[in-house]
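This explanation leads the reader through the structure shown below, taking its chains in turn. The sequence and the model may be kept in view throughout.

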Amino acid sequence: MTISPSITSPERRPVRLVGLLPWLFAAVVVGYAMVVGGYAATVVSFALIYAVFVTGLNLFMGFAAQVSFGQNAFAAIGGYLSAVLTASHGWAPVPAMLLGIAAAVLVAAIVGFPTLRLKGHYLAMGTLAIGLITYEITVEWQSVTQGYMGISGIPPFGIGPYEVTSDRGQLILLSLVVAACAFAAARIRRSRFGRALSAVAGSEEAAMALGIEVARYKLLAFLLSAGFAALAGSLFVHVVGFVSPEVFGLHMVIVTFTMLYVGGIGTVAGPLVGALIVSLLPETFRAFKDYQDLAYGAVLIVLLIYAPRGLASLFSPRGRS
Amino acid sequence: MTRLRLEGVTRRFGGLVAVDDVSFDVPAEGVTAVIGPNGAGKTTLFNLISGFLPPSAGRITFEGRDITGRPPAEIAAGGLVRTFQLVKLFEDLSVLDNVKVGCHLRGKAGLFAALLRPASARREEQAVEARSRELLAFAGLAAMADEPASALPYGRQRMLELARAMAAGPRLILLDEPAAGLNTEESAALSRIIRRIAEDGTSVLLIEHDMTLVMNTADRVVVVDFGRKIAQGTPAQVRADPAVIAAYLGTGKPSADKPAVQEAPHG
Amino acid sequence: MADWSYIPQVLVSGLGIGCVYGLIGIGFCVIYNASGIVNFAQGAFVMLGGMITHVLFARNGVPLPLAALIAIAAVAALGVAIERVVVRPLWNRKATMFVMILATLAAQIVVERLTLIAVGDQPKTLPVFTDRPPLMIGPVAIGYQLIWIVGGSLAIVAALAAFFGLTRTGKAMRACSINREAAALQGIPVSRMLALAFALSAALGAIAGILITPTQYTAFNVGVPFAISGFIAAIVGGFGRPFGAFLGGLLLGLLQALAIVGFGAGLKNVAALSVLLLFLFIRPSGILGAAK
């Protein structure tokens with residue numbers, strides 16, 4: 001006789017409800033931005049784009065416990081391909097975005113093979129180098145990227161004559177994309193594939209001993225993460241209509257890590273919650289842009305020391321010891 | 001029928017010969033034990049068999065196929081699964097999920113199955129769930145299925161590692177000191193479980209210091225000392241073998257030969 | 001487009017920047033050997049060395065040598081502060097290596113931004129230490145600042161060799177790098193060694209920054225590129241080998257100088273980073289083989 005696990009132990013019910021809190025928080029924030037529109041909508045839109053990126057980062061770093069300081073490279077590839085193809089070559093946004101994602105995944109496959117064999121600080125520095133090389137190329141390859149000037153006049157998303165130009169339209173579109181990403185992450189987590197990633201995270205030796213091809217799963221998580229990054233990069237350029245090298249610079253690395261740790265690394269809701277909180281906090285201070293990165297850096301250090309599992313882990317149904 | 005055959009297997013570390021020209025067969029039936037004093041090269045031998053170290057010389061065949069120096073995941077996929085002397089659980093996962101990871105080789109769902117969840121993937125997942133719960137019950141862990149693995153007491157962690165390895169459906173399971181750190185009662189329970197695994201058709205090869213466990217559980221014993229095989233036979237034969245007695249006299253009585261100092265993990 | 005007759009001249013200036021990369025690389029090794037930590041805030045020390053000297057000298061009229069000494073001491077103090085506030089708490093919590101790297105990178109950003117707020121984003125520079133026309137050796141001009149850089153770096157390398165080889169403290173630090181547990185059992189105060197390593201490494205970074213600033217400029221954001229070049233130097237030399245790192249720095253400096261002739265100044269960082277990737281993929285243990 002089998003009993004459904006949800007009713008075997010009564011104390012599990014409140015846990016389930018607590019698990020919904022992060023989503024409720026996100027829904028309230030997005031709903032508010034939808035009603036107010038204007039600047040609030042812009043800020044929340046950026047947060048949602050970051051959420052896509054951080055969701056991908058989390059697959060690689062949270063689920064599989066690998067290290068990459070260079071995922072901004074893939075956002076840059078996705079973003080610039082979208083920008084160049086649409087603004088300079090008249091492509092429609094959707095095929096440009098798909099090509100951008102494909103290109104980023106392809107590049108990730110090429111650099112991933114040698115890079116993922118590295119360990120520890122070699123891997124950290126190797127991936128950081130890949131991010132910086134991409135940045136330098138976006139600066140220097142002026143005939144295509146227009147250097148520091150950046151590319152403007154990038155069309156908004158749309159299919160045929162229908163374009164998403166309004167704040168609210170963009171918010172709805174981005175919310176759908178983020179929901180799809182979170183759904184994908186949740187499904188991956190509870191699957192054979194996701195369990196293999198957790199195994200790689202837990203003990204590579206034990207994973208190997210159980211027949212899991214560790215190198216292959218690391219690479220797959222890396223490709224997946226690169227795909228999310230490219231999607232975020234492409235979303236950014238079409239929502240803003242402009243791209244420059246600074247968008248995908250070292251700033252992005254620090255901001256996204258802060259988001260990942262604020263929200264809770266390894267959780268499904270963490271990336272979204274982290275992206276929203278980290279994007280909104282400076283705004284509530286009405287703050288000066290100069291202090292932003294300073295605050296991100298300081299918050300990140302404090303979190304790493306005092307709450308290495310992030311805020312969403314407080315709501316996570318599976319308590320960590 | 002021979003399940004595993006070692007022919008002249010040797011492993012050198014620099015000038016040190018950790019495993020020196022060792023040959024023996026592991027038959028399909030029953031439990032085979034490798035014993036020997038601390039530092040005799042038993043764990044190195046296991047690492048060679050399971051692919052974690054390539055041998056310097058010699059040949060290892062599993063069910064007639066040459067597996068010498070193949071990668072660990074491939075050897076596991078071929079039906080030869082090991083456990084570790086220092087338990088290596090996935091501590092952040094629940095007890096149940098640990099065993100589900102063990103089912104990895106029995107499934108084939110990939111990334112797209114994870115995202116789209118077609119009917120075949122759902123069926124596979126149900127089978128994994130059922131088999132994992134069955135194995136937890138077998139290992140006496142059914143009540144703790146949803147606990148994080150790190151919350152289990154040590155003895156239970158060992159049982160979990162065993163259940164997880166069995167989930168892979170091996171035809172030969174290598175157990176690296178499964179009784180290390182267990183009390184007498186737990187050790188006796190472990191002995192029964194190992195016998196049952198063998199009776200259900202999985203060959204067992206174990207390394208052990210706990211002589212009571214070996215004498216009660218093993219059908220055949222291989223004795224190594226200084227990396228060389230010095231004796232082989234039934235537990236009774238081995239116990240009476242002068243070479244074995246001599247080897248153990250240097251390090252104390254066999255029954256008292258609990259490892260006082262664990263070999264420190266490297267790194 | 002490349003004019004190859006410049007090559008000797010280019011190599012000479014590459015030698016100068018190479019010494020600086022080498023000093024920074026040694027800084028990485030000193031901390032790594034004492035603790036196993038790779039300190040990604042290394043660039044902050046380089047930037048602050050030049051910046052603090054500039055502020056003292058140009059704004060407050062402190063004589064240049066004194067300004068430089070104060071800057072070195074201040075940066076060493078900052079090194080200890082980062083060790084106490086960021087690294088030590090994580091160390092005590094047995095944080096993973098990745099968390100440690102991320103935290104030190106965050107510390108780098110914090111220092112960078114504080115500097116931006118304090119002095120603005122305009123590039124600053126220092127006067128050359130000896131203001132005389134360059135020495136001419138055939139067609140090659142050798143500026144006095146280059147002599148300062150190379151001479152100063154060599155003097156520091158020699159001083160370090162003496163420190164590690166002759167003094168009790170230096171030997172104790174080396175013992176820590178060989179085996180921390182054994183060193184602790186010998187009564188060596190391992191945690192004080194960690195603070196000392198950060199101070200030493202920060203001072204090295206500051207000196208590198210002060211030496212190089214007169215030939216180029218310093219600004220709040222020059223740290224990360226310098227740190228990466230220093231890291232590459234350390235990798236090329238075999239990570240954890242201080243003198244290998246110096247050699248690696250020289251090689252990198254020369255290579256980068258050639259890359260500037262070949263591909264233009266814009267791609268010099270790409271060239272350096274490509275060297276890094278090449279080494280990581282093909283020979284991660286460096287030309288001399290990594291320590292331990």
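Which residue in E4(B) is the bridge partner of B:Arg5? The structure is a predicted model, and in it the bridge partner of B:Arg5 is B:Thr61. The strands concerned are E1 of chain B, residues 2-13, and E4 of chain B, residues 57-62, which pair in the antiparallel sense over five bridges.

Four strands form an open sheet in the order E2-E1-E4-E5 (chain B), and their pairing is antiparallel. Strand E2 (16-27) and strand E5 (65-66) of chain B stand at the edges; because each has a single partner strand, one side of each is left without a neighbour in the sheet. Helix H1 of chain B, residues 42-49, lies across E1, E2 and E4 of chain B and runs at about 65° to E2(B).

Chain A contains 14 helices and four strands. Of its 321 residues, 55% are buried. Among the contacts in chain A with a separation of 6 or more, 77% are between residues 24 or more positions apart.

Chain A also touches chain C, in a contact that takes 28 residues from chain A and 33 residues from chain C. On the side of chain C that touches chain A, the elements giving two or more residues are helix H3 (64-92), helix H4 (97-119), helix H9 (223-237) and helix H11 (268-282) of chain C. H4(C) gives the most to this side, with 14 residues. By class, the side of chain C that touches chain A has 29 nonpolar residues, two polar residues and two charged residues.

Terms used. Residues numbered from 1 in each chain as written. Chains lettered and ligands numbered in written order. Predicted model: local features only at pLDDT ≥ 70, side-chain atom pairs only at ≥ 80, totals over all residues. Pairing = 2+ DSSP bridges. Contact = placed C-beta atoms within 7 Å. Axes fitted to C-alpha atoms, helices over the stretch in contact; angles between N-to-C directions. Buried ≥ 20, exposed ≤ 12 C-beta atoms within 10 Å, placed from the backbone. Nonpolar A, V, L, I, M, F, W, Y, C, P; charged D, E, K, R; others polar.
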